[in-house]
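Dear colleague,

I am handing over the structure below, and after it you will find notes on what turned up when I went through it. Please read them with the coordinates open.

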Amino acid sequence: MAKLFNAFFVKSFFFFWYRFLFIQFKNLIRFYRTISNSFSGATQFKYPKFSSLLHRSDLNDHTLVFDVENALLKSSSLFPYFMLVAFEAGGLLRAIVLVLLYPFVCVVGNEMGLKIMVMTCFLGIKASSFRVGRSVLPKFLLEDVGAEMFETLKKGGKQVGVSRLPRVMVESFLREYLEFDFVVGRELKMFCGYYLGLMDNNKTSHVLDLVKEGKGCSDMIGITSHNNPRDHEFFSHCKEVVVVSEADKRSWQKLGRERYPRPVIFHDGRLALRPTPMDSIAILMWLPYGFILSVIRIFLAVSLPFNMATPLLVCTGLRLTTSAPTRPHHNNSNKNNNLYVCNHRTLLDPLYISFSLQRNLSAVTYSLSRMSEVLSPIKTVRLTRDRNEDAKMMKHLLGQGDLVVCPEGTTCREPYLLRFSPLFSEMCDEIVPVAIDTHVTMFHGTTAGGLKCLDPFFFLMNPSPLYTVQLLHHVFPSHFSHTTTTHVDQGSKFQVANQVQSQIGTALGFNCTRLTRKDKYLMLAGNEGTVSNPASAAKNNSQ
């Protein structure tokens with residue numbers, strides 16, 4: 001009887017508090033909806049819509065203050081950008097922790113969720129070596145910019161980007177690539193040069209002083225989301241606030257690559273796709289299988305001859321397409337020793353040319369890790385960056401057999417060609433240009449700031465990477481010579497290099513540039529991209 005009474009008491013007590021709390025919760029929700037509807041109605045009455053800015057002709061006389069996350073970008077999710085920071089700057093373990101915490105980020109609210117992601121991604125990261133904001137994030141942020149909003153902002157006298165994100169994540173994207181005037185972001189706290197994962201409050205007084213100098217200082221127009229028109233201190237100084245709805249953002253077109261104020265030629269990072277929550281889970285689940293697959297592919301390429309390895313590699317998902325000119329030229333005097341000159345997409349370029357031709361080649365490169373050198377099924381030789389020594393080495397290798405050279409000196413992922421070094425034009429009387437392109441779905445097989453020994457593994461970890469190899473019409477350096485000799489002279493060697501670059505660029509639809517390896521590494525890694533050669537270092541020490 002006592003047990004029944006106790007059970008009845010506990011049950012009644014539970015249901016009493018359950019009904020009490022449930023009623024209170026329902027009243028709270030009803031009150032919140034009433035306030036929200038009232039505020040929404042007031043907002044619609046007070047703040048004009050974004051469409052009112054599209055046909056205004058006086059924007060050049062105003063300073064446009066816009067919310068980066070809620071007005072400029074089409075997607076409102078910040079997780080992909082923090083995933084990029086976690087994976088590229090913090091490593092695999094930090095990325096796994098961020099994915100596991102994401103359900104809590106969605107529950108606790110926007111501000112607390114943002115703080116959790118900042119703490120997870122930045123705690124313990126060295127500030128001086130953090131380059132993800134400049135080398136990785138701009139490409140992904142640019143791909144999410146609304147074209148209509150960008151065109152409207154460019155009409156303003158000045159542009160001020162206001163962001164809830166840490167300033168180091170968005171400043172390069174806004175100032176260097178979109179060429180906006182000012183960036184208001186949140187500063188990260190540091191201790192002994194390392195980020196603590198905590199953010200300071202926005203300090204806008206000094207930015208306001210800068211904005212009020214010069215053109216567009218009299219009136220400021222704020223552009224933000226429909227839900228929080230004045231949630232930032234900066235918008236309280238605006239004479240007019242325009243709201244952007246989710247329907248507006250869905251109707252926008254993405255800003256095309258050709259409309260970027262500054263093209264994205266160089267970018268770093270291993271991830272090739274935008275890491276949304278679902279894609280991030282897929283990447284983490286694929287990693288162990290992808291690593292095993294890459295080891296199998298490397299083993300097949302190294303241990304088997306071409307005629308046996310090629311069909312087996314195709315069965316593992318590797319794709320290779322090869323094309324050749326209809327009327328290729330042949331050099332009868334030296335037909336067995338060809339010089340193949342190609343653009344540089346990944347470290348595997350010479351290997352794919354070798355598989356396309358089904359014969360062994362030698363390759364020269366400026367930087368090659370010891371692991372890649374050991375695993376390579378073809379002969380690879382490091383260049384010393386000494387012009388005379390490199391020329392002798394290349395002529396010696398060309399005398400032994402076919403040779404592949406990448407005159408760009410470094411890889412470029414985007415549809416651009418870097419400047420071709422003219423050294424190859426002095427090697428022989430016939431050059432075979434080779435146009436190479438790649439396509440990956442998960443991982444890039446190149447890096448400027450990471451471990452280069454992992455480059456082939458990351459490329460081969462893609463489920464089905466595609467390589468395209470095009471053999472182009474031969475180029476004869478002697479045709480560019482201004483002398484009666486058959487050898488190319490000092491002035492025409494640059495014409496030969498430019499001709500080969502132009503021919504490859506036309507075949508691929510790439511733009512030719514004058515940028516070099518040094519330009520790439522200064523931007524992405526903060527150095528000139530030089531790798532010490534043990535042999536040359538020993539020689540310098542002996543001298």
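**Salt bridges and the sheet**

Arg134 is partly exposed, with a relative accessible area of 32%, and in this predicted model its side chain meets that of Glu176 in a salt bridge at 3.5 Å, N to O. The pair connects distant parts of the chain, since Arg134 sits in helix 6 (residues 132-135) and Glu176 in helix 9 (residues 167-177), 42 residues apart. Glu176 is likewise partly exposed, at 25% relative accessible area.

A search of the whole structure gives 17 salt bridges, among them one between Glu143 and Lys139 at 2.8 Å, N to O; here Lys139 is buried at 13% relative accessible area, whereas Glu143 is partly exposed at 32%. Another joins Asp402 to Arg359, with the closest N and O atoms 2.7 Å apart. Asp402 lies in the loop between helix 16 (387-400) and strand 12, while Arg359 lies in the loop between helix 14 and strand 10, 43 residues away. Asp402 counts as buried, at 6% relative accessibility, and Arg359 as partly exposed, at 33%. Salt bridges with shared partners also bring Arg134, Glu176 and Arg262 into one network.

As for the sheet, 7 strands form an open arrangement in the order 8-15-14-9-12-10-11, with mixed pairing; strand 8 (319-323) and strand 11 (379-382) are its edges, each pairing on one side only. Within the sheet, strand 9 (residues 339-342) and strand 12 (residues 403-405) run parallel and are joined by 3 bridges, and Val341 has Val405 as its bridge partner in strand 12. Helix 18 (residues 492-508) packs on the sheet, touching strand 9, strand 14 and strand 15.

Best regards

How values were computed: Residues are numbered from 1 along each chain as its sequence is written. This is a predicted model: local features need pLDDT of at least 70, side-chain atom pairs count only at pLDDT 80 or more; totals for chains, interfaces and linings use all residues. Side-chain values use heavy atoms; hydrogens and water are left out. Two strands pair if DSSP finds at least two bridges between them. Helices (H or I, at least four residues) and strands (E, at least two) are DSSP runs, numbered from the N terminus. Contact means heavy atoms within 4.5 Å. Axes are lines fitted to C-alpha atoms, for helices over the stretch in contact, and angles run from 0 to 180 degrees between N-to-C directions. A salt bridge is a side-chain nitrogen of Lys or Arg within 4 Å of a carboxyl oxygen of Asp or Glu. Buried means under 20% relative accessible area, exposed over 50%, partly exposed in between (1.4 Å probe, protein chains only).
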